[in-house]
Amino acid sequence: MHIPFLGNKRKKHGEAVLAADPEGVAELLSECELLRSQAARAGIRLDDTAASLEALDQLVPRWRDDEEILPWLGNDAGLYLGTVIVRTVPGAAWGFRADGQPVVRLASGREFDVVTSGHEWATSGVPELSQLYGEVAEA
């Protein structure tokens, strides 16, 4: 995933940007515009809670027929999952892998690649976002 505000320096300076403005980075990663639009059309309000993940899991996956939208929706789903985790699981925070991919880190040091999980959900529905959240919240 390319994060434009980090530019070509994301490998070197991604963590520095995160450390300097963690709330700004969290806000940027939580936008998930395409997912929020799809959810709103289906009458689902994404309020950054575990219940909203359960509602997303119940959506009819019409996007799977659109090869152009699928990768974007997968990114958004992963970032939204990460947003819910960061906002509701004590000690969870955004971080970046060496390649610039955003991940969620728990207080225990365990790291979750939520974007890859979002792509899997968008493509096949498995594992469900609420199931992933439950696994992370228990960890």
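Visitor: Which helix lies across β1 and β2, and at what angle to β1 does it run?

Guide: Helix α5, residues 70–88, lies across both strands. It runs at about 135° to β1. Keep in mind that this is a predicted model.

Visitor: What is the mean pLDDT of the chain, and what share of residues reaches 70 or more?

Guide: The mean pLDDT is 88, and 86% of the residues reach 70 or more. Over residues 4–12, however, the pLDDT is below 50. That stretch still has 14 contacts in the model beyond near neighbours in sequence. Here is the general idea. Where pLDDT is low, predicted coordinates should not be read in detail.

Visitor: Now the overall layout. How many helices and strands does the chain have?

Guide: There are 7 helices and 3 strands. Going from the N terminus, the order is α-α-α-α-α-β-β-β-α-α.

Visitor: How do I read the sheet? What is its strand order?

Guide: The order is β1-β2-β3, in an open sheet of 3 strands with antiparallel pairing. β1 (93–96) and β3 (111–112) stand at the edges. Each has a single partner strand, so one side of each is left without a neighbour in the sheet.

Visitor: How many bridges join β1 and β2, and how many join β2 and β3?

Guide: β1 and β2 pair over 4 bridges, in the antiparallel sense. Between these two strands, G95 stands opposite V103 in β2. Strand β2 covers residues 102–105 and pairs with β3 over 2 bridges, again antiparallel. There, V104 has F112 of β3 as its bridge partner.

Visitor: What should I expect of side chains along a strand?

Guide: In a regular strand, they alternate between the two faces of the sheet.

Visitor: And the turns? Which residue in each turn has a positive phi?

Guide: In the β1–β2 hairpin, it is G100, with a phi of about 90°. In the β2–β3 hairpin, it is G109, at about 95°. The β1–β2 hairpin has 5 residues between its strands. The β2–β3 hairpin has 5 residues between its strands too.

Visitor: Take L56. What does it touch?

Guide: Leaving out residues up to four places away in sequence, L56 touches L35, A39, I44, L46, Y80, W121 and L129.

Visitor: What share of the contacts comes from residues 24 or more positions apart?

Guide: Such pairs account for 58% of the contacts with a separation of 6 or more.

Visitor: Let us turn to charges. How many salt bridges are there?

Guide: The count comes to 7. One of them joins E27 and R87, with the closest N and O atoms 3.7 Å apart. E27 lies in helix α2 and R87 in helix α5, so this pair ties together parts that are 60 residues apart in sequence.

Visitor: Where do R97 and D113 lie?

Guide: Their side chains meet in a salt bridge, 2.9 Å from N to O. R97 lies in the loop between β1 and β2, and D113 in the loop between β3 and α6, so the pair ties together parts 16 residues apart in sequence. R97 is partly exposed, at 29% relative accessibility. D113 is partly exposed, at 23%.

Visitor: Which residues do salt bridges with shared partners join into one network?

Guide: E27, R36, D48 and R87.

Visitor: What about R45 and D47?

Guide: Their side chains form a salt bridge, 3.7 Å from N to O. R45 is exposed, with a relative accessible area of 66%. D47 is partly exposed, at 33%.

Terms used: Residues are numbered from 1 along each chain as its sequence is written. This is a predicted model: local features need pLDDT of at least 70, side-chain atom pairs count only at pLDDT 80 or more; totals for chains, interfaces and linings use all residues. Side-chain values use heavy atoms; hydrogens and water are left out. Two strands pair if DSSP finds at least two bridges between them. Contact means heavy atoms within 4.5 Å. Axes are lines fitted to C-alpha atoms, for helices over the stretch in contact, and angles run from 0 to 180 degrees between N-to-C directions. pLDDT is the predictor's confidence in each residue, from 0 to 100. A salt bridge is a side-chain nitrogen of Lys or Arg within 4 Å of a carboxyl oxygen of Asp or Glu. Buried means under 20% relative accessible area, exposed over 50%, partly exposed in between (1.4 Å probe, protein chains only).
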